[in-house]
Amino acid sequence: MINLGKEKLLLLYRQMLTIRLFEDRMYHLFLQGKIPSTLHQYQGQEAVAVGVCAALNKDDFITSTHRPHGHGIAKGVPLKKITAELFGKATGCCRAKGGSMHIGDYSVGMLPAIAIVGSGIPIATGVALAFKLRKTKQVAVSFFGDGAVNQGSFHEALNMGAIYNLPVVYVCENNLYGASTHISKVVKIKDLAERSCAYGIPGVVVDGMDVLEVYKVANEAVTRAREGGGPTLIECKTYRYCGHSRSDPGNYRPKEEVEYWKARDPIIQFQKKLFEMDILTQEEDKSIKINIEREIEEAVNFALESPLPLPETALEDVYA
């Protein structure tokens, strides 16, 4: 195991558990009609967001997708701001102008997420170009799904990142399905990271259900980018437990496949490691969960009590 120290290891665990418990709570609130939009949830993929963001500084920036809650929590967007945004309240991180698919908070290095498949990849590349021109030593990271790798924006952005040697890391969260289409139906290669060779940059495949393996690979890529070594394409093999969105029951996935991936749950795997290393006890684990649930409940109450946006604010924030 990577020697990160007890405090950092427990932080990774808390963040993954926070994402899982938050997503589960939002699902129930959605069913109760409290959330006025659809949800694209992140259960199962927690190790990717947490492992990558743990390798970043606060002033590094990420771009996200239509499934952004996990990325937001891992990058440090406050739970109260995320929850209020989901509820369409004026206190939300985007003042109720983004909703579930556009979570973001510039103050912690997360651009508002973009729901258009693959569109965050060139934006992260542009952010990295700005960092290079300003000589700030910051790094940009783009999270995207396997469904984005056949978009023109993916190829153009990786090529630009490569030729200008930009401080950017491209993170593909390969959960096997672009909506309901299995990855094997749209590409002929086994590993999507193989595409990196077309642009002369490193491509790495990692177990996206192992937060420490993700952190190790991400940390190497981020360090390389920060030191002027250019981009890396990271493919994280992972799985979403839910359907594409809340309206999708996910019946196109074989039961055996779902059970296989759930048996490799990133949170349970990591919890076992921490128990074995005597870094976490049963009592501490229980206390961590209680504190997270309390924080989520406070965020929900904050969102419920927050005001709706005033109609006259509709045209504010349209232009910088």
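This report walks through some salt bridges and a surface patch in a predicted model.

## Before you start

Residues are numbered from 1 along each chain as its sequence is written, and side-chain values use heavy atoms, with hydrogens and water left out. Because this is a predicted model, local features need pLDDT of at least 70 and side-chain atom pairs count only at pLDDT 80 or more, while totals for chains, interfaces and linings use all residues.

## A buried pair

Side chains of opposite charge can pair when their charged atoms come close. Here a salt bridge means a side-chain nitrogen of Lys or Arg within 4 Å of a carboxyl oxygen of Asp or Glu. By this rule the model has 13 salt bridges.

One of them joins Arg-20 to Glu-46, with 2.6 Å from N to O. This pair links distant parts of the chain, 26 residues apart: Arg-20 belongs to helix 1 (residues 6-31) and Glu-46 to helix 2 (residues 46-53). Helices here are DSSP runs of H or I with at least four residues, numbered from the N terminus. Are Arg-20 and Glu-46 buried or exposed? Both are buried, a word used for under 20% relative accessible area, with exposed meaning over 50% and partly exposed in between (1.4 Å probe, protein chains only).

Helix 7 (residues 211-226) holds both Lys-216 and Glu-220, which sit 4 residues apart, about one turn of the helix. They form a salt bridge whose closest N and O atoms are 3.3 Å apart. Lys-216 counts as partly exposed because its relative accessibility is 39%, and Glu-220 is partly exposed too, at 45%.

In another salt bridge, the side chains of Lys-286 and Glu-283 meet at 3.9 Å, N to O. These two residues are 3 residues apart in helix 10 (residues 282-305), so about one helical turn separates them. Lys-286 is partly exposed, with a relative accessible area of 49%, whereas Glu-283 is exposed at 55%. Elsewhere, salt bridges that share partners join Arg-20, Glu-46 and Asp-265 into one network.

## A nonpolar patch

Which residues form a nonpolar patch on the surface? They are Met-160, Ile-163 and Tyr-164, with about 300 Å² of accessible area together. Patches are made of residues with over 30% relative accessible area and no salt bridge; nonpolar side chains (Val, Leu, Ile, Met, Phe, Trp, Tyr) are joined within 5 Å, and like charges within 9 Å. Accessible areas come from the Shrake-Rupley method with a 1.4 Å probe, and for residues only the protein chains shown count as cover.

Within this patch, Ile-163 has its place in helix 6 (residues 152-163). Ile-163 counts as exposed because its relative accessibility is 58%.
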